[in-house]
Amino acid sequence: MGLAKDYDAARRAWREAGFAGLAAALRGRIETIARKRRLRRELGEIRRKDSLQDKFSTIYAGQFWQDDKYQGVAARTGKGIDSVSGSGSSSWYTPIYVEELRRFLSGPAREIVGADGDIRIFDAPCGDMQWIEPIAFAPGIRYSGGDIVPDLMAALQRKYAGRDVDLLVFDITRDAFVEADIWHVRDCHIHLSFDNIVRSLENFAASTVPYVLMTTYPTEDGFTNKDIFDGNFRRLDFRKAPFGFDAPILSLRDYPDDMGFPPRHMALYSREMIRTYLDRMKRG
Ligand SMILES: C[S@@+](CC[C@H](N)C(=O)[O-])C[C@H]1O[C@@H](n2cnc3c(N)ncnc32)[C@H](O)[C@@H]1O
């Protein structure tokens with residue numbers, strides 16, 4: 001099947017563009033094979049690590065997510081991944097969401113959480129903070145960031161030494177949440193097993209933080225949520241099984257135009273709503 005497809009593609013390339021076309025098709029095919037091999041090797045390495053911290057530290061140290069092998073993003077968009085936190089954190093992916101989040105935090109969010117001073121955001125995980133930096137240091141916002149990877153947090157602490165920001169090593173599945181108005185959890189659950197997603201939501205439900213903004217893919221097609229090992233990736237739609245959440249209070253758009261990425265949003269839920277869904281999941 002693979003060979004037949006390769007043969008057809010090579011014939012088409014030869015017909016359409018002669019030797020140069022054939023050479024380009026061959027180069028593309030070799031790159032795809034190399035990309036798949038790297039992906040298989042790295043996923044094997046992640047799977048073999050025992051703890052969440054080791055898994056995500058391995059990804060960070062190896063810059064696994066800065067390599068364009070998961071989605072062929074560079075081939076599709078002509079852009080490189082410029083964040084260790086992956087394509088979804090790159091400078092060309094995030095501008096629409098940055099504007100959405102900025103508008104939300106300066107208006108609706110203040111009313112919803114009843115903030116009269118600074119609005120307090122706990123961004124966990126914060127990744128390398130590349131795209132969120134202008135928001136983290138904007139007036140009216142009190143930002144705390146946390147990530148499970150100690151080396152990443154040490155680098156951020158060095159980078160922002162002397163700035164008014166709290167940065168800590170933090171595991172969303174087990175550490176006690178810091179005081180905040182909103183927990184911002186972007187692009188993390190998509191890398192965690194169902195068990196660890198539920199642990200993180202239970203942890204949030206036991207906190208004093210009243211709201212969460214979280215990544216979800218509102219898909220209408222035959223898509224189902226799949227379980228994965230921690231450190232791998234898949235899309236998640238929290239309105240579908242095994243979560244079965246209701247519609248969020250509101251959603252912020254979080255994907256770029258015209259690049260072939262599936263629609264996804266940051267959905268706002270209250271802690272009480274999450275408690276209700278966790279109870280419902282337990283009852284089955
Ligand atoms: C795809 S990056 C997203 C980072 C950031 N939210 C952003 O939007 O750029 C996912 C991050 O989740 C972190 N992470 C994974 N599991 C975690 C956990 N249990 N607690 C805290 N951080 C975690 C990883 O180290 C990584 O930095």
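**Helix packing, ligand shell and backbone geometry**

Helices H8 and H9 cross in a left-handed sense, a crossing being left-handed if the near helix is turned anticlockwise from the far one by less than a right angle, and right-handed if clockwise. Helices (H or I, at least four residues) and strands (E, at least two) are DSSP runs, numbered from the N terminus. On the H8 side the contact is made by Leu201, Glu202, Phe204 and Ala205, and on the H9 side by Arg271, Ile274, Arg275 and Leu278; contact requires C-beta atoms, placed from the backbone, to lie within 7 Å. These residues comprise 5 nonpolar, no polar and 3 charged. Here Ala, Val, Leu, Ile, Met, Phe, Trp, Tyr, Cys and Pro count as nonpolar, Asp, Glu, Lys and Arg as charged, and the others, Gly among them, as polar.

The model is predicted; local features need pLDDT of at least 70, side-chain atom pairs count only at pLDDT 80 or more, and totals for chains, interfaces and linings use all residues. Residues are numbered from 1 along each chain as its sequence is written.

The ligand is surrounded by 20 residues, with Phe56, Ser89, Pro125, Gly127 and Ile148 the closest; a residue is counted if its C-beta atom, placed from the backbone, lies within 6 Å of the molecule. The shell holds 10 nonpolar, 6 polar and 4 charged residues.

Pro242 is in the loop between strands E5 (211-216) and E6 (250-253).

Conventions: Two residues are in contact if their C-beta atoms, placed from the backbone, lie within 7 Å.
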